[in-house]
Amino acid sequence: MNTQDTWSLGGREFTSRFILGSGKYSLELIEAAVRDAGAQMITLAVRRANTTEKENILDYIPQGVTLLPNTSGARNAEEAVRIARLARELGCGDFVKIEIMRDTKYLLPDNQETIKATEILAKEGFVVMPYMYPDLNAARDLVSAGAACVMPLASPIGSNKGLATRDFIQILIDEIDLPVIVDAGIGRPSQACEAMEMGAAAIMANTALATAGDLPLMAAAFRQAIEAGRKAYLSGLGRVLARGASASDPLTGFLRD
């Protein structure tokens with residue numbers, strides 16, 4: 001990708017627009033995400049990190065990759081704030097992804113509690129990246145609360161169903177003056193490409209890679225799809241006709257018998 005096409009978050013500049021989500025972690029996944037997908041940011045579920053002597057996941061995150069602790073497992077703002085503070089004390093830095101879910105069936109984020117946690121943590125100097133249901137009013141409240149970006153879900157976590165909330169994500173991209181990172185549910189490179197064509201700043205994915213038959217190949221496919229979608233967005237996509245057709249060649253000057 002053009003090295004001039006960078007984006008910034010929390011005072012850091014990134015050239016990659018792929019972020020590895022947490023969940024179905026393996027050391028092979030981390031390696032493929034960095035090497036083949038070009039990830040420069042990797043999330044870490046603080047409450048579920050493997051810290052045994054045999055295998056510490058932190059040992060496998062390369063130097064230069066931004067660690068993004070998340071508050072997975074938090075049921076309200078109070079629990080999310082506690083996890084974020086713990087992550088910083090453990091040396092994970094100031095970046096934090098807020099995930100607050102009371103719903104255990106669909107794992108949908110609680111926007112109101114997320115706004116509360118964002119306001120508290122932003123005042124404490126955290127770079128807050130809130131995972132949210134794509135609602136314009138909630139997104140505006142997150143901006144006011146001090147969020148560094150907004151991370152709307154494309155479809156339920158781990159579903160690989162793609163852009164089920166496409167129209168609502170587009171509203172956020174059009175109306176919110178912060179990076180919009182499409183998170184959760186992106187299952188195919190083509191879906192990541194479409195989100196980038198819409199103007200998303202970045203894509204977060206995990207399950208699509210972790211459940212693929214050939215992990216490195218899928219990681220590389222995501223990288224190429226994200227780059228293609230970004231270039232298409234920057235190029236200015238061609239018009240779409242509401243009805244009818246328009247010949248690509250002139251309808252005059254045909255050879256006649």
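**Entry 1: Thr43 and its strand**

I looked up the bridge partner of Thr43 in strand E5 and found Leu68. The model I am reading is a predicted one. Strand E5 covers residues 66–70, and its pairing with E4 is parallel, with five bridges.

I then asked how many residues of strand E4, residues 41–45, are buried. The count is five of five, so the strand is largely enclosed by the rest of the structure. In a regular strand, side chains alternate between the two faces of the sheet. I therefore sorted E4 by side, taking buried to mean under 20% relative accessible area. Met41, Thr43 and Ala45 lie on one side and are buried.

For Leu107 I checked the backbone: phi is positive, at about 55°, although the residue is not a glycine. Leu107 has a relative accessible area of 31% and is therefore partly exposed.

**Entry 2: Asn160**

I looked up another non-glycine residue with positive phi, Asn160, where the angle is about 60°. Where does Asn160 lie? I located Asn160 in the loop between strand E8 (151–152) and helix H5 (166–175). With a relative accessible area of 26%, Asn160 is partly exposed; the value falls between the 20% limit for buried and the 50% limit for exposed.

**Entry 3: the chain as a whole**

The secondary structure of the protein chain comprises eight helices and 10 strands. The chain has 257 residues, and 49% of them count as buried; the five residues of E4 are buried.

For the contacts, I considered those with a sequence separation of 6 or more, and 63% of them join residues 24 or more positions apart. I recorded an accessible surface of about 13300 Å² for the protein chain. Carbon and sulfur atoms contribute 48% of that surface.

Technical notes. Residues are numbered from 1 along each chain as its sequence is written. This is a predicted model: local features need pLDDT of at least 70, side-chain atom pairs count only at pLDDT 80 or more; totals for chains, interfaces and linings use all residues. Side-chain values use heavy atoms; hydrogens and water are left out. Buried means under 20% relative accessible area, exposed over 50%, partly exposed in between (1.4 Å probe, protein chains only). Helices (H or I, at least four residues) and strands (E, at least two) are DSSP runs, numbered from the N terminus. Two strands pair if DSSP finds at least two bridges between them. Contact means heavy atoms within 4.5 Å. Accessible areas come from the Shrake-Rupley method with a 1.4 Å probe; for residues, only the protein chains shown count as cover.
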